[in-house]
Amino acid sequence: MAASPAAARPVTVMAPELPPMMTAAGTGREASIIAETLAACGHEAQFKVVPFGRHWNDFRDGAKVDAVTTVPAGMEMPGARSAPYILYQNGASVLRSSGLTVKTLADLAGKRVITFTGAPDVLPGLRDAIPSFSDFRERADQMVHSNLLFAGRVDAVLADGLIFAEYNRQLQDKAKAGGGLPFDPGQPVQFTAIFPPTPYSMVFRDESLRGDFDRCLAELKGKGRIDAIDKAAVARYAATVGDQYLSER
């Protein structure tokens with residue numbers, strides 16, 4: 001039997017801080033998609049933003065929230081899983097001055113690589129490729145990725161192109177404000193989408209809320225609204241991601 005529509009109410013959503021997808025203030029590309037989808041069903045999204053990785057753990061541990069965002073396919077999570085609502089475009093980012101061309105993970109053999117926590121469970125082929133790298137690190141704070149790349153301490157960043165571009169923008173703003181960085185964050189970078197897009201779902205504690213979300217997400221997709229949110233987000237970072245971000249959509 002289909003779940004009856006949930007009564008309109010505030011919906012508390014636990015999300016990881018991943019600008020420009022989700023800022024600490026609960027804004028961004030992902031926040032817009034979720035908030036507008038819930039609003040289309042008469043609900044109001046209230047985001048509880050925590051460090052990346054903690055959102056999954058806190059939800060599993062019974063945090064008093066209605067839903068959790070950014071759950072990859074195959075990850076076990078108690079509750080009702082929604083249809084995928086967002087695609088991330090992970091890829092390899094390198095300094096153009098390195099002369100390194102990355103089309104596959106094999107091109108990073110012997111190189112120093114950094115990525116986000118849990119990436120080997122999300123990025124196809126990465127776990128098998130790790131032994132080929134000269135150094136491999138996982139860091140939840142993705143500002144660290146940009147810092148280490150610009151400082152020449154890693155050769156490649158494996159991460160979503162928009163997230164990488166946003167942290168670069170923050171570093172450039174800091175440098176302009178006299179932040180005294182020990183490296184130049186304005187160095188040209190090259191992002192290449194070497195992975196297929198990664199779909200993420202919501203997980204709701206209440207199955208009827210999941211039903212509402214899926215129904216209204218389909219309606220907004222049909223109207224072109226989700227695509228419009230995505231295109232606006234990508235356009236803002238075109239200088240970094242070029243035509244590589246979700247180019248096959």
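What volume does the largest pocket have? In this predicted model, the largest pocket has a volume of about 240 Å³. Its lining is made up of 14 residues, and those closest to the centre of the pocket are Pro72, Ala73, Asp121, Val122 and Thr198. Sorted by class, the lining of this largest pocket holds nine nonpolar residues, four polar residues and one charged residue.

Where the largest pocket sits can be read from the domains that contribute to its lining. Domain 1, which covers 10–88 + 199–241, and domain 2, which covers 90–193, both give residues to that lining, and the largest pocket therefore lies between them.

From here the reader can turn to the second largest pocket, which has a volume of about 200 Å³. This pocket is lined by 15 residues, of which Ala165, Asn168, Gln172, Ala239 and Thr240 are the closest to its centre. Helix 5 (161–176) and helix 8 (238–241) each supply at least two residues of the lining of the second largest pocket, and helix 5 gives the most to that lining, with four residues.

As for the domains, the lining of the second largest pocket draws at least three residues from domain 1 (10–88 + 199–241) and at least three from domain 2 (90–193).

How values were computed
Residues are numbered from 1 along each chain as its sequence is written. This is a predicted model: local features need pLDDT of at least 70, side-chain atom pairs count only at pLDDT 80 or more; totals for chains, interfaces and linings use all residues. Side-chain values use heavy atoms; hydrogens and water are left out. On a 1 Å grid over the protein atoms alone, a cavity is a set of points where a 1.4 Å probe fits but cannot get out, and a pocket is an open set with protein on both sides within 12 Å along at least five of seven lines; lining residues have an atom within 4 Å of a point. Grid points are joined across faces, edges and corners, and a volume is the space filled by probe spheres set on the points. Ala, Val, Leu, Ile, Met, Phe, Trp, Tyr, Cys and Pro count as nonpolar, Asp, Glu, Lys and Arg as charged, and the others, Gly among them, as polar. Domain bounds come from an automatic or database domain assignment.
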